[in-house]
Amino acid sequence: MNKMNNRRDFLKTAATGAVLLGSQSKLGLAAMLDQPGQHAAGASKVVVARDPQLHGSDGQLDEKRVQALLDRAIHSYTGIERPAEAWKHIVPAGKTIGLKVNGLGGKGISSHLALVLAICERLQQAGVKPGNIIVWDRNARDIEACGLTINTDPAKIRVFGSDVSGYEDQQSSFGSARIKLSKILTHECEMVIGVPILKDHSGAGVTFAMKNMYGVVDRPQDLHAGGCNPGVADLNCIQTVREKVRFTIGDAMSSVYNGGPGFRPEFLWHPNALIVGEDRVAIDHTAWQIIEKQRAEKGMPTLEAAGRPPRYITTAADATHQLGTNDPNRIHLLEV
Amino acid sequence: MHWTLMVAALAVLVAGGVGCKKKPANPFPDSNAVAGWQKSSETRTYAAKDLWQYIDGDSEQYIQAGVISTTTSDYKFQGQLEAVVDVYTMGDAAGAKKILETGQSSDAKPLQIGDAGIVYAQSIVFRKGPSLVRIVSYESTPTSAQALQALAHGVEAKL
């Protein structure tokens with residue numbers, strides 16, 4: 001399919017695409033922005049952008065390289081070289097954009113500040129006003145773990161947690177999930193970009209794009225039974241979550257391949273990657289394979305053998321949930 | 001006179017805490033109680049039912065091992081190296097043993113502290129009675145291993 005001529009065309013077609021592509025793509029970005037022949041029609045595009053030099057030999061992140069890595073990921077995803085133009089194809093004009101980070105693991109294993117700042121920079125260049133950007137998580141502790149400072153001044157990029165906004169009085173539900181959503185999601189944001197950090201998870205197996213949504217509800221502990229299955233899939237099927245969380249810029253610059261979701265430095269490693277896309281199931285499936293590869297290299301059992309395969313990924317792709325695809329033949333994986 | 005003596009004796013008993021529920025020990029060394037270490041946050045406490053607020057799904061393994069409460073505090077060494085000290089109070093020593101022996105990586109080295117302990121480049125885990133202590137630093141420096149061990153012994157002495 002040819003590139004869109006302008007953003008208005010893109011958005012118009014995107015709305016149609018959401019219907020046509022159904023569960024796999026709300027914006028239809030991947031399919032619309034593909035170059036002809038790039039991959040089979042209807043496949044979900046996932047970009048894994050890497051920079052082996054992102055972390056130095058001392059283990060320190062070279063923050064100056066993060067912006068370039070982000071630009072490369074978005075360029076590969078959209079096919080548009082100029083970052084500001086590429087971002088205009090990701091975020092709708094004049095809307096409030098939320099960045100749902102993940103700081104639960106504490107300072108050692110939270111969404112990186114450098115990535116958040118890089119995204120905010122590009123959002124503004126794409127025309128999003130600072131006050132229309134909200135960086136958020138569960139609470140002040142998690143936000144500060146990401147290196148961010150709370151700010152509610154509407155003239156600037158806003159940074160605050162659901163402990164400030166509160167939760168809806170009414171429950172939302174799908175399947176096993178009966179929760180109250182953060183008012184940041186329901187009232188403030190018109191589109192949310194997930195900025196999770198890749199981690200092993202002692203219950204769910206892997207936590208990344210879909211599991212990050214546990215940070216938008218009042219009682220996430222109620223969704224942990226059965227290895228978070230079907231909790232993760234059910235939560236992501238709640239209409240507001242499904243409709244507003246439309247893009248993921250997954251932070252796989254650092255990760256823990258065992259002992260997560262907390263910070264366990266003995267299991268820390270640096271994949272030095274960003275994982276980008278719209279299809280949250282395809283992204284989680286891709287992230288799972290990256291964790292498995294690292295575990296194999298370290299001589300550790302598979303997550304299946306360890307008794308905690310991320311079954312919620314399969315559930316999210318089933319006929320009931322239709323959140324995306326976990327079929328490798330239908331994932332167009334671009335490694336750059 | 002008889003009543004006066006009784007009231008006085010009662011006052012002494014109350015002041016001494018006799019008959020009251022014993023207050024849990026504070027395991028966190030004050031600033032500079034361990035050379036170079038500053039306590040850099042307030043102590044936060046989580047009951048077992050609220051532990052998810054702190055460690056999300058990881059709380060499940062502690063609950064299964066019988067955790068009663070968890071206390072945590074941040075520390076800084078010489079104003080730079082940051083660390084967090086978590087003290088899990090389990091129902092009994094078996095619970096602490098279970099957690100310590102779960103999920104060790106191959107580079108764990110034994111450490112003589114408390115009833116048993118292990119040390120990594122950036123963390124120390126040990127148990128003493130029903131307490132399970134995990135100390136984690138956010139970076140590795142030439143002095144961090146030694147500094148962490150000093151802090152661990154400071155915590156152990158207060159348990």
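Helices here are DSSP runs of H or I with at least four residues, strands are runs of E with at least two, and both are numbered from the N terminus. The model is predicted: local features need pLDDT of at least 70 and side-chain atom pairs count only at pLDDT 80 or more, while totals for chains, interfaces and linings use all residues. Residues are numbered from 1 along each chain as its sequence is written, and chains are lettered from A and ligands numbered from 1 in the order in which they are written.

Next, select residues 64–78 of chain A, which form α3(A). This helix has 15 residues and reaches 23 Å from first C-alpha to last, close to the 21 Å expected at 1.5 Å a residue; the expected span is 1.5 Å times one less than the number of residues. Colour V66(A), L69(A), L70(A), A73(A), I74(A), Y77(A) and T78(A), the buried residues of α3(A). A residue is buried if 20 or more other C-beta atoms, placed from the backbone, lie within 10 Å of its own. Look down the axis of α3(A): the buried residues fall within an arc of 150°, so they line one face of the helix. The arc is that of the directions from the helix axis to the C-beta atoms.

Move to residues 280–297 of chain A, helix α12(A). The end C-alpha atoms of this helix are 26 Å apart, in agreement with the 26 Å that its 18 residues should span. Its buried residues include R280(A), D284(A), H285(A), I290(A) and I291(A). After α12(A) comes G299(A), with a positive phi near 75°.

Now show the largest nonpolar core, which has 129 residues. Such a core is a set of buried Ala, Val, Leu, Ile, Met, Phe, Trp, Tyr and Cys residues joined through C-beta atoms within 7 Å. V135(A), L235(A), L274(A), A83(B) and L151(B) touch the most other members. Strand β4 of chain B, residues 81–90, gives the largest share, seven residues. Centre on L235(A): beyond its neighbours within four places in sequence, its contacts include A177(A), I179(A), M213(A) and V241(A). Contact means C-beta atoms, placed from the backbone, within 7 Å.

Finally, select chain B, with five helices and eight strands. Of its 159 residues, 37% are buried. At the interface, 20 residues of chain A are in contact with 17 residues of chain B.

Terms used: Contact = placed C-beta atoms within 7 Å. Buried ≥ 20, exposed ≤ 12 C-beta atoms within 10 Å, placed from the backbone.
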